[in-house]
Structure formats: structure tokens, C-alpha cells
Amino acid sequence: MKGVRFHPTFVLLAVAFTLTSAFDPSPLQDFCVAINDTKTSVFVNGKFCKDPKLATAEDFFFRGLNKPGNTANQLGSKVTPVNVLQILGLNTLGISLARIDFAPYGLNPPHIHPRGTEILTVLEGTLYVGFVTSDNRLITKVLYPGDVFVFPIGLIHFQFNVGNTNAVALAGLSSQNPGVITIAKAVFGSNPAINPDVLVKAFQLDLNIVKQLQSKLWMDNN
């Protein structure tokens, strides 16, 4: 009996399907409220589920997004996330939200969301936003209240308040837990630290400058 041959197109489609299904899959039930007690639960999407019969309105509720975040930090910005850690009922639903507050000239520094695309709308102020594509092209726009901008999944992006007044934005993300990696902190503030020789070569910097950058306190704004 001759061996079965697979057409290259079929193989490529199979691989593509595997990759595209690697993100938050569609839920197989109405909801799956996260629960820390794993004794009588089923493992789904990285979180254990509460018995649906025991779910309450509190599992789908968050209060306080109307309150401004504290921007008194070196970045001049504050991210208030509303993901599966704040609303347990978001488990398996593949969506989350964040409020971003900016002091005048505050910055939400270059970062990536490894598990989610972001769509952002400006409520107050003027933001200079942008992202860098995989072929190193910068795409930017100045946003005003009511404007909407999309940051594709996994790409480095930022938001900068170019006005002399406070700014506020709301962001929706296509994951219950999109994650965030701030570039400067990841590179120069990792624990343990990256070998300075690696960063000297990568960034073409003097060793003393690299060590100085690694000695800084790299903060989060969330």
C-alpha cells in the first residue's frame, strides 16, 4: 500500500490553523468564572471554573473606572486594568479593558501585549500614538477626543500626551489577560540582569552607559 501524500497547501493550512487557535479560544459554555479552589473544578483556558450555578452578579462586575489614576510618577501615566484578575467572569471570554490616565506630557512607554490586539479611544486631551511593524516601519497618529486607534497584537506601541492638560483614554483588548512587556524595563531592568556585554553589542552603547541604565529603578505604570 502506497504512503499517503499531503499536498503542501494542506500542510500550510494545518499549521496556520494551529497558530491562529493559540490565542483565547471561543468558550464552549456561556461563561467560566475563575476560581482559586481547584478541588471541585475543571481546568479551562488557564483558570479553573466555578460551578455556573454558583455564579453571581459580582463575578461580572467592577467598580471604579471613573476614578482618575495616580499619575504622580516618573512616567506621568497610570494604567488601570480591568481583566480576568479584576473580573473573574471574564475567564474564557477573550476580552478586557483598561483606563489610561496621563499627566501633561505623560507617557505610556513603548510596550507590547503578547496576547492581545488593543483598540484605544481618547476621552480627554491629545495623544501622539504609534506602533512599529515587523519590518521596522513606524505608524503614528495624533488623536483627539473621540478618535480611535488600533495597535495590532504583539507590536511595540506607545501613547504620549502632547498637551499641557491631563488626558484620558480607554482601551479594549482581545484577551482576558493580554499581558504587558515594557521594553525599557524588560531590557535594562530584568531580574536577573541581562549580561551587559549582550546589551553593549545589541545597542552599540558604552559599557558604563549600559551599567548605568541597568542600575536605574524601572517602574511599572499599572
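Reader: Leaving out residues up to four places away in sequence, which residues does Ser-96 touch?
Author: This is a predicted model, by the way. Ser-96 sits in strand 5, residues 96-102. With near-sequence residues up to four places away set aside, the residues it touches are Val-82, Asn-83, Leu-90, Ala-171, Gly-172, Leu-173, Ser-175, Gln-176 and Pro-178.

Reader: Is Ser-96 buried or exposed?
Author: The cut-off for buried is under 20% relative accessible area. Ser-96 comes in at 6%, so Ser-96 counts as buried.

Reader: How many Å separate the side chain of Ser-96 from the backbone oxygen of Ser-175?
Author: Ser-175 is among the residues that Ser-96 touches. From the backbone oxygen of Ser-175 to a polar atom of the Ser-96 side chain, the distance is 2.8 Å.

Reader: OK, over to the hairpin of strand 8 and strand 9. Which residue there takes a positive phi?
Author: Strand 8 covers residues 127-132 and strand 9 covers residues 138-143, and they pair in the antiparallel sense over 6 bridges. One of the bridge pairs is Leu-127 with Leu-143. There are 5 residues between the strands, and the one with a positive phi, near 70°, is Asn-136.

Reader: Phe-131 and Phe-149 form an aromatic pair; how many residues apart in sequence are the parts it ties together?
Author: The structure holds 5 aromatic pairs. In this one the rings are tilted, 6.1 Å centre to centre with 50° between the planes. Phe-131 belongs to strand 8 and Phe-149 to strand 10 (residues 148-151), so the parts tied together are apart by 18 residues.

Reader: And which residues form one aromatic cluster?
Author: Phe-131 and Phe-149 are both buried. Together with one further Phe they make up the cluster: Phe-131, Phe-149 and Phe-151.

Methods:
Residues numbered from 1 in each chain as written. Predicted model: local features only at pLDDT ≥ 70, side-chain atom pairs only at ≥ 80, totals over all residues. Heavy atoms only, no water. Pairing = 2+ DSSP bridges. Helix = DSSP H or I, 4+ residues; strand = E, 2+ residues; numbered from the N terminus. Buried < 20%, exposed > 50% of the residue type's maximum accessible area, 1.4 Å probe, protein only. Polar contact = N/O pair within 3.5 Å; in protein donor to acceptor, adjacent residues only side chain to side chain. Contact = heavy atoms within 4.5 Å. Phe/Tyr/Trp six-rings, centres within 6.5 Å; stacked < 30°, edge-to-face > 60°.
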